Amino acid sequence: MAEHPQGQPPAITREEVAHLAHLARIDLTDGELDQLAPQLAGILEAVASVSKVAADDIPPMSHAVPLTNVFRPDELRPGLTAEEALACAPEAEEQRFKVPRILGEEA
Amino acid sequence: MATDLIRMTAADLAELLALGKATSVEITQAHLDRIAAVDDDVHAFLHVDADGALQAARESDARRAAGEAASALDGVPIAVKDVLATRGLPTTCGSRILQGWVPPYDATVVARLRAAGLPILGKTNMDEFAMGSSTEHSAFGPSRNPWDLERIPGGSGGGSSAAVAAYEAPLAIGTDTGGSIRQPAAVTGTIGVKPTYGGVSRYGLVALASSLDQAGPCTRSLLDAAMLHEVIGGHDPLDSTSIDQALPALVEATHEGSLRGVRVGVVRELGGEGYQAGVRARFDDSVALMVEAGAEVVEVSCPHFEYGLGAYYLILPSEASSNLAKFDAMRYGLRVLPDGIEAPSAEQVMTATREMGFGAEVKRRIILGTYALSSGYYDAYYGQAQKVRTLISRDFASAFEQVDVLVSPTAPTTAFKIGEKLDDPIAMYLNDIATIPANLAGVPGVSVPNGLADEDGLPSGLQILAPATADDRLYRVGAAVESLLDASWGGPLLAKAPALGGQA
Amino acid sequence: MSTTQTLMSYDEAMAAFDPVLGLEVHVELNTVSKMFCGCSTTFGAEPNTQVCPVCLGLPGALPALNGDAVRAAIRIGLALNCSIADWCRFARKNYFYPDMPKNFQTSQYDEPIAFDGWTEVTVLDEEGDGDVYRIGIERAHMEEDTGKSLHVGGSTGRIHGADYSLLDYNRAGVPLIEIVTKPVEGTGARAPEVARAYVGHLREMLLALGVSDVRMEQGSLRCDVNLSLRPDPSAPLGTRSETKNVNSLRSVERAVRFEVSRQAALLSAGEKVVQETRHWHEDTGETTSGRSKEQAEDYRYFPEPDLVPIAPSREWVEELRSALPEPPAVRRGRLQEEWGFSDLEMRDTVGAGALTLVEQTVAAGSSPQAARKWWLSELARRANERGVELVDLPVSPEQVAQVQQLVDDRRVNDKLARQVLDGVLAGEGSPEQVVADRGLEVVSDDSALGAAVDRAIEANPEVAEKIRGGKQAAAGALIGAVMKEMRGQADAGRVRELILEKLS
C-alpha cells in the first residue's frame, strides 16, 4: 500500500477497503464497500489531528501502569478437558476441531 | 416487602442478611420477579439464570445460617455485563458471532463474585463487543432507559446501568473502555466507577481494546460501589497487566465525609460548547455545591485532551481488529457456510461467518483498525496515537500536582432518543468525549448523578477523576458529593424516575 | 531422483555462482509449562488434552509469561555471543490460520531479546582438517508455537487436495526461540556442509545448555533454509528462496544442494528466481513451490498490550553468563591439553562420540591414554558387533576405570582384563565380581609362581643355560611355559623377574 502524500486528507478508496477486508477476513458486500470508504475517510479526517500533535521526542505509551518483568513460575496449572475444549466446536472429529479444507500455507 | 427489597441499596440488603431479617432467596426472588415484570420493556438482560441464581442464594443462606458468610455481600444478587465469561452461562458480548457460546471458564471477576457469594441474576445487554455509546449496536436489540423507554440507556454497558436503574438488580458489573460504565451511569441517574487501569483483572473480560478496558461497579450508591469494588479488585496473576499492589481502603473512604480543603480542578477542555445547556447547568450547580462545602475549586487546563477522541478512535480499532480476529468459526461460535459454494474452504467459511456475525459498527472499526496498523500507516496513526496518550498522561500528572481531583460533566448530553444518532458514527463517538481521557491515561473515574436537566428532565452526571491508584480519593470525594446532593433532593435522584411496569 | 524441475549439476553451479545462506532455526524449549499458560508441554499426549482458555485463544483469556522461558532465551542469546536487550517487548504478528487460535502469534518483532551475535562452526575437509566458519547471528527471539493440523482426504496427507483438517492444540503455546543468522557468505561450494554443521553445532550447544531436547524428528528443532545465488562474492545478493520442512541434519545439507542446483539452472537459462517459500520432500530429495513471498502478508505488527515489557537487569544477565556451560570448542581444547592427546587422538575420540565417556573415565581414576585405549579399541569393537553406540554399551566409565585399576595393580594382565570386560558386558556384575566369579585374578603369590618357574627351568635346561650365560631375551620361552601352566593368570613381568633372579 502506498504512503499517502504529506498533508493531504487520506482518500481511502473502495479498492483499499476491499484489500483491508481481505486482510481482516470479512466478506463485505458491494453495498458495504460503497458505504465504508467515505465513512472511514470521514473518521480518518476527524482523527487526522493526532498525526501532527506529538513531536518526535515524545515516547509512545502502551501501558497506563509502568510494569515490567511480570513473570509466571514454570509450573503446571489445571486446564480444560478435551470435552470442555470441544464443547462449543462447530464440528469435531477424533477429539480434534474439524475445519474445512485450508487453502493457504502456514506462515 | 418484596417491593421494598428491590429499592434497597446493596449495603442495606447486606445488613438485612447479616441481621437475619431477610434471606438471599427472598431477595434474589424479589429481583427475579422484578425482572419478569419490567424487562420486556427495559430489555436490560440477554440471559436470566433464575435456577442458578436461586441455587446460589440457597447456598448463601446456608452459609449465613452456619455463621460462615463468605463476604459482606454474600447473598446480594448481581447482574453481569455479557462481555465477561461466565462458566455455564451463555456469553455473547452482544454479538451474533458468539450466539450460543457457553464459556468453560469464569472470568476472574466472576470467580471472585461467586467466591464472595453473590448470586448472579444473569447477563446484561451491551453494544456489540462494547463498541458504542447507546447499546443500539447490540445484535439483540437495544436496552431502554428506565427514565424514558424511548431513549437510550447509554453504552456500551447500557444493560447493566438500566438493570440497576430499573431496580432489577442492586448491583451490576460493567466494563469501561472509553466511558462505557460512566456514561450509562450519567444518563440513567446511577453510579458507575472505572477503576485505575490494572486495578481489576481483565482475565475473562472479552477484549475490545486491551490497553483501555477495565471492569467496574454499576450501583445506586458510592458505598455499594466501594463494597463491590473491594470484592472484584486486586492483583490477578492471570492478568499480566494487573497492578501488584493492595487496593486502598475504598469502603472506609466513603465514610470520610468532608470536602473541606479538597482541591478540585474543573477541566477547561471538558465542558462548554458541545455540551447540552442543562448538563452544563447541573455541572455548575455541582461545582457551587462543592465550593459551599469548603472545597477549593480552580480551573485547570489539559490542552491535549482535545486530541483524546482522535487517539482513542485509532487505538481502540487497532487493538480491537487484532482482538476480534479469533472469531473465525473454527473453534466456537457462529459458523456460516457461504451460499452457492459446494465445498467451501476454511477461508471462505471465515469470511462469510465474520460478514454475517459482526454488526456494522464492529466491521467499521475492524477495517479502520486494520488500516491504522497496516504497513506504511502504522507510524502516522497507531504510533502517533500512542504518543498522544503520553501527552494526555502528562496533562493529568501536571493537573494533579495542582489539585486532588478533576471534575467535568460525564457526558455532553442527557439520554438521546433511540435511533437519533445511529446514522452518524462520529456524532455517536462524541458521547465519549469527556470520559475517554481517563481510559487513555489509565486514571480512575466515577460518575455521580448530579441532577436533572431543565430542558428534558433527564439525568446528568458529574465525573470525578483521580490519579492512578488513588481510587480511594474517588470514593472519598464522590461519597461526600453524593451526601450533599442526596440531601438537597431529599433522597437519591433515582427516586424521581417514573414508575415502570405499573408497579410502584 | 526423478524430478520435473531442471537442475544444473552441483559442481557446475558452484563454478558459476556464489551462494549465500540464511538459516532460521526454531527451538522448542523443554520448560514444564507453555509460554503463556500452565498447560503441559509433554510430547505425544492425546489431542486437545493439554489446553486451557489461554492457549485455545478463548475470548477473554490473557497470556502470562513463563519466567523460565525468558531465562532460557537469555542463555541461548549469551551462548551465541549476542547482546541482551535492556528492554524489549512482545509484539503481535497478525494473520489468519486455523492452527493459530488467536489468529495472531505473540512473538517479538523489532525488539528481540537477543541480537547481534556470532558463533563458529568447524567443517572437516577430505583430509580431516577443520575449517572454521564464523556465522553471524542476527537475533534470537521468543514466540509461541502453533497447534498441529492433520489434513484428511486427498492422497498424500498433505494440505493440497485435502477435504478437511483436524486441529489439535496441545502444541499451541509451547515456548519457541527463533534463531536467525545474518547472511552467511564465503562458504562457496561448502555451503551445504556449513549449513549442516551450523545446525548440528546449534543442537550440541542447546543440549549443553539443557534448554531443549532438540529432537528434529519430533519437531523440537526445526530449520528453514534460505538460499540465494549471485555471480560472484562482490555482486549484490540475489533473490532467495526459503525452504521449510527440513527435519534432519542430512536434509539440511541435501536441501541446500538441491536449491543450488535448481536456482543455478534457472539463472543460467536467463530466468529469475522467485522469492517464495518452498517445501523439502524427504522422499524425492527435492523442493517444491509453496506460497509466493512476493506479496508478503502484511502482519500489522504492534506491541502486545496484554504483556508488559521485559527488562532483564544487567546483574541477572551476568549471573546467567557466568553459569553458562563451556562452549564445546573450548571444552575440547581444554581437555586435549589436560590429557596431552595429539590432534589425531583428539579427533578420533570426538569422532567416536567418546569425549564425555573418556572424560568420565578419567574422572573415575583412569589415565587419559588408558581410557582412550579402552573406549576406542576394545569397546568400540564390541559396540560395532552389537550395532549400538558406545554410550549404549552396558558398561559405565567407572567400571572401565576399575578394570584399568586392576591392570595397574597387576592383578590382571591385558588379556585377562578383556575377559573381565566381557563379563561386565554380559551382565555378570562389577569388574571385581567378575574377577572373583571367574577366577581371573593373576597369581601373585611368589612361592606358587616360583614353583612354576622352577618347573619350567627344569623342563627347559638348554634355555636355562642360555639365560645363565647372559642371554636374557631367551627368557621369553620360559615365560610362555609358565603362563601356559598358570593358564594366563600370572603377571608376565613378575614371572620374568623371578626367572632372571633364579638364573642369575
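Reader: I'm new here. When are two residues in contact, and how many residues of chain B are in contact with chain C?

Author: Two residues are in contact if their C-beta atoms, placed from the backbone, lie within 7 Å. This is a predicted model, and that cut-off is applied to it here. On the chain C side, 25 residues take part, and their partners in chain B number 31 residues.

Reader: Thanks! Which element gives the most to the side of chain B that touches chain C?

Author: The elements of chain B that give two or more residues to this side are α11 (308-323), α12 (346-357) and α13 (360-373). By class, the side has 15 nonpolar, ten polar and six charged residues. With three residues, the element that gives the most is α11(B).

Reader: And where does the largest share of the side of chain B that touches chain A come from?

Author: Here 62 residues of chain B are in contact with 47 residues of chain A. Elements giving two or more residues to this side of chain B are α11, α12, α13, α14 (379-402) and α15 (425-429). The largest share, twelve residues, comes from α14(B).

Reader: Let's turn to the backbone. Which peptide bond in chain B is cis?

Author: Most peptide bonds are trans. One in chain B has omega near 5° and is cis. Its second residue, Ser156(B), is found in the loop between β3 (120-124) and α6 (158-165) of chain B. The cis bond runs from Gly155(B) to Ser156(B).

Reader: Is Asn81(C) buried, partly exposed or exposed?

Author: Asn81(C) has a positive phi of about 55° although it is not a glycine, and it is found in the loop between α2 (67-79) and β2 (83-84) of chain C. A residue is buried at 20 or more other C-beta atoms within 10 Å and exposed at 12 or fewer. Asn81(C) has 15 C-beta neighbours inside 10 Å, so it counts as partly exposed.

Reader: And what about Arg487(C), buried or exposed?

Author: Most residues other than glycine have a negative phi. Arg487(C), however, has a positive phi near 55°, and it lies in the loop between α15 (475-485) and α16 (492-502) of chain C. Because 11 other C-beta atoms lie within 10 Å, Arg487(C) is exposed.

How values were computed
Residues are numbered from 1 along each chain as its sequence is written. Chains are lettered from A and ligands numbered from 1 in the order in which they are written. This is a predicted model: local features need pLDDT of at least 70, side-chain atom pairs count only at pLDDT 80 or more; totals for chains, interfaces and linings use all residues. Helices (H or I, at least four residues) and strands (E, at least two) are DSSP runs, numbered from the N terminus. Ala, Val, Leu, Ile, Met, Phe, Trp, Tyr, Cys and Pro count as nonpolar, Asp, Glu, Lys and Arg as charged, and the others, Gly among them, as polar.
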